[in-house]
Amino acid sequence: MKIAIIGGGNMGGAIALGLAQSNFISPSDITVSNRGTEKLNALKSSNPSIHTTTDNKAAVEGADIIILAVKPWVLDSVAIDIRNTLDLPKQIIVSVVAGATLERLAGLFSSADTIPAIFRAIPNTAIAVRQSMTLFTPYNAVPEQVDCIRALFDSVGKSLLIEENLMTAGTALCSCGTAFAMRYIRAAVEGGVEMGFYPKDAALLVEQTVKGAAELLLHSGNHPEVEIDKVTTPGGITIKGLNEMEAAGFSSAVIRGLKVSK
Ligand SMILES: NC(=O)c1ccc[n+]([C@@H]2O[C@H](COP(=O)([O-])OP(=O)(O)OC[C@H]3O[C@@H](n4cnc5c(N)ncnc54)[C@H](OP(=O)(O)O)[C@@H]3O)[C@@H](O)[C@H]2O)c1
């Protein structure tokens, strides 16, 4: 199994680093292609076993899976660049380009006699530490190819196959959601410093608390309110804090932010 990643920026680089630490593929079977060399050099210094190149055509030659991780406005020119080098339908195309529909991708990579297997996927940047929540949707893929792409993303976090019409909402929750969760963390750290902790200690306290809260929910499968009930003593300090946050519009602000990000 060989994987080519076209675009070695935030997302392409994070995918490469996450996959390189996974048991899905060996780092030496990953090739990242990027326009400039600066990001490739940074990637190489993080993991010298990953192959890098500025030649997209060379990257896709012999690859089983090609992951497109370029900005939306570069997608067409990349498709034109690699189209004639691709060995379709043998190779699987996976696009993480936000907003690029399966219809657009199929138009870019299909020919009169070949309709390739294409996946539209939205990982988040936690893929670099193998903790992504990745949403994906297939086009013209057989079950074995769906299983293969599910295994790829499960090796770097968790994945969920969804209908394409939920992609933009899923992007708001999981991709923009990384930033939203971090903004809560930043606010809590600032609160911790105001209450007397050094910033480094406040950051550790908040980050581990948020990680623990998420792990509790993932492991138990409980609704958040069930776990909240366990820490809210009647008349206690937690419920006072929660009610003050709600009075300031906490839940409403989160939902409104998600909806405008869609
Ligand atoms: N960041 C996220 O959380 C996230 C989540 C899900 C999906 N996405 C999607 O992932 C895609 C990439 O986003 P990003 O944040 O990684 O952007 P980025 O950091 O700007 O990375 C894009 C990379 O593509 C390279 N590139 C440009 N033209 C190229 C070409 N013709 N051939 C090969 N490489 C080329 C750029 O290289 P140079 O810098 O050298 O020009 C850059 O390193 C976007 O479509 C975005 O919607 C991002």
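1. Let me start at Asn34, which sits in the loop between strand E2 (30–33) and helix H2 (38–46). Asn34 counts as buried because its relative accessible area is 13%; the cut-offs are under 20% for buried, over 50% for exposed and in between for partly exposed, with a 1.4 Å probe and protein chains only.

2. A word on the model before going further. This is a predicted model, in which local features need pLDDT of at least 70 and side-chain atom pairs count only at pLDDT 80 or more, while totals for chains, interfaces and linings use all residues. Residues are numbered from 1 along each chain as its sequence is written, and side-chain values use heavy atoms, with hydrogens and water left out.

3. Gly36 itself is partly exposed, at a relative accessible area of 33%.

4. Which residues are closest to the ligand? They are Met11, Asn34, Arg35, Lys39 and Val70, out of 23 residues that surround the ligand. A residue is near a molecule if one of its heavy atoms lies within 4 Å of it. This shell divides into 11 nonpolar, 9 polar and 3 charged residues.

5. A polar atom in the side chain of Asn34 is 2.7 Å from a ligand oxygen. Lys39 brings a side-chain N or O atom to 2.6 Å from an oxygen of the ligand, and a polar backbone atom of Gly36 is 3.0 Å from a ligand oxygen. The ligand has 890 Å² of accessible area on its own, and the protein covers 82% of that. Accessible areas come from the Shrake-Rupley method with a 1.4 Å probe; for residues, only the protein chains shown count as cover.

6. Where does the ligand sit? You will find the ligand in the second largest pocket. A pocket is an open set of points on a 1 Å grid over the protein atoms alone, with protein on both sides within 12 Å along at least five of seven lines. To sit there, a molecule needs more than half of its atoms within 2 Å of the grid points.

7. The loop between strand E6 (118–122) and strand E7 (132–139) deserves a look, starting with Arg130. Arg130 has a phi near 60 degrees, a positive value in a residue other than glycine, and is partly exposed at 32% relative accessible area. Asn124 belongs to the loop between E6 and E7 and is buried, with a relative accessible area of 7%. The Asn124 side chain reaches the backbone oxygen of Cys174 at 3.0 Å. Ala128, in the loop between E6 and E7 too, has its C-alpha 4.2 Å from that of Ala14, 114 residues away along the chain.

8. Some backbone details are worth checking on screen. Leu88 and Pro89 are joined by a cis peptide bond, with omega about 10 degrees; Pro89 is in the loop between helix H4 (75–82) and strand E5 (92–95). Asn140, in the loop between E7 and helix H6 (143–154), has a positive phi of about 55 degrees although it is not a glycine. Asn140 is partly exposed, with 45% relative accessible area.

9. Is His223 buried or exposed? His223 is exposed, because its relative accessible area is 54%. It lies between helix H8 (199–220) and helix H9 (224–231) in a loop, and its side chain reaches the backbone nitrogen of Glu225 at 3.0 Å.

10. Finally, the whole chain. The protein chain has 11 helices and 8 strands, and of its 262 residues 39% count as buried. Its C-alpha trace spans about 70 × 40 × 30 Å along the principal axes. Gly36 and Gly235 are 59 Å apart in space, C-alpha to C-alpha, and 199 residues apart in sequence.

Conventions. A polar contact is a pair of N or O atoms within 3.5 Å; within protein, one must be able to donate a hydrogen and the other to accept it, and residues adjacent in sequence count only if both atoms are side-chain atoms. On a 1 Å grid over the protein atoms alone, a cavity is a set of points where a 1.4 Å probe fits but cannot get out, and a pocket is an open set with protein on both sides within 12 Å along at least five of seven lines; lining residues have an atom within 4 Å of a point. Ala, Val, Leu, Ile, Met, Phe, Trp, Tyr, Cys and Pro count as nonpolar, Asp, Glu, Lys and Arg as charged, and the others, Gly among them, as polar. Helices (H or I, at least four residues) and strands (E, at least two) are DSSP runs, numbered from the N terminus.
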